[in-house]
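Reader: Could you take a close look at the aromatic side chains here and walk me through how they sit together?

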Amino acid sequence: MLFAGFQATVIGLITVVLLALSVFAFADAAFRREDAYRATDKQNKQFWLIILGLTVLVNLLVPMFLLKIIGLIATIVYIVDVRPALKQVMGNGRGRRPRGGSSSDGPYGPFNGR
């Protein structure tokens with residue numbers, strides 16, 4: 001009896017984590033530009049929105065755990081392979097300045113005012 005409750009709690013927690021991961025991937029795919037997908041040769045934006053949208057729906061509506069695992073694989077492929085390539089093409093929004101740089105740094109190093 002106690003084990004059955006624990007098992008239901010663990011499966012419920014896994015289901016919530018899978019749903020959160022798929023929603024994150026879908027939202028991330030939705031906010032990326034279409035031309036970035038073409039530049040990375042990682043299918044197109046519509047493909048990933050359909051696949052990740054189906055993953056969200058499966059996680060919400062379908063009780064079969066096998067389909068959730070298939071959706072998890074698609075989500076992991078997006079997060080591990082496609083998302084870093086998109087971030088690299090889009091420049092990640094950080095500009096050219098590396099982390100820890102000063103606001104007085106120029107493109108070739110610090111500006112000394114001479």
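Author: Trp48 and Tyr78 are both buried, with buried meaning under 20% relative accessible area, exposed over 50% and partly exposed in between (1.4 Å probe, protein chains only). Bear in mind that this is a predicted model, where local features need pLDDT of at least 70, side-chain atom pairs count only at pLDDT 80 or more, and totals for chains, interfaces and linings use all residues. Residues are numbered from 1 along each chain as its sequence is written, and side-chain values use heavy atoms, leaving out hydrogens and water.

Now for the rings. Searching the whole structure turns up two aromatic pairs; rings of Phe, Tyr and Trp (its six-membered ring) pair if their centres lie within 6.5 Å, and planes under 30 degrees apart count as stacked, over 60 as edge-to-face and the rest as tilted. Phe47 and Trp48 are edge-to-face, because their planes meet at 85°, with the ring centres 5.3 Å apart. Phe47 counts as partly exposed at 32% relative accessibility, while Trp48 comes out buried at 7%. Trp48 also pairs with Tyr78, and that pair is tilted: 5.7 Å centre to centre, with 55° between the planes. Trp48 belongs to helix 3 (residues 45-61) and Tyr78 to helix 4 (residues 65-90), so this pair ties together parts that are 30 residues apart in sequence. Helices here are DSSP runs (H or I, at least four residues), numbered from the N terminus. Put together, Phe47, Trp48 and Tyr78 make up one aromatic cluster.

Technical notes
Helix = DSSP H or I, 4+ residues; strand = E, 2+ residues; numbered from the N terminus.
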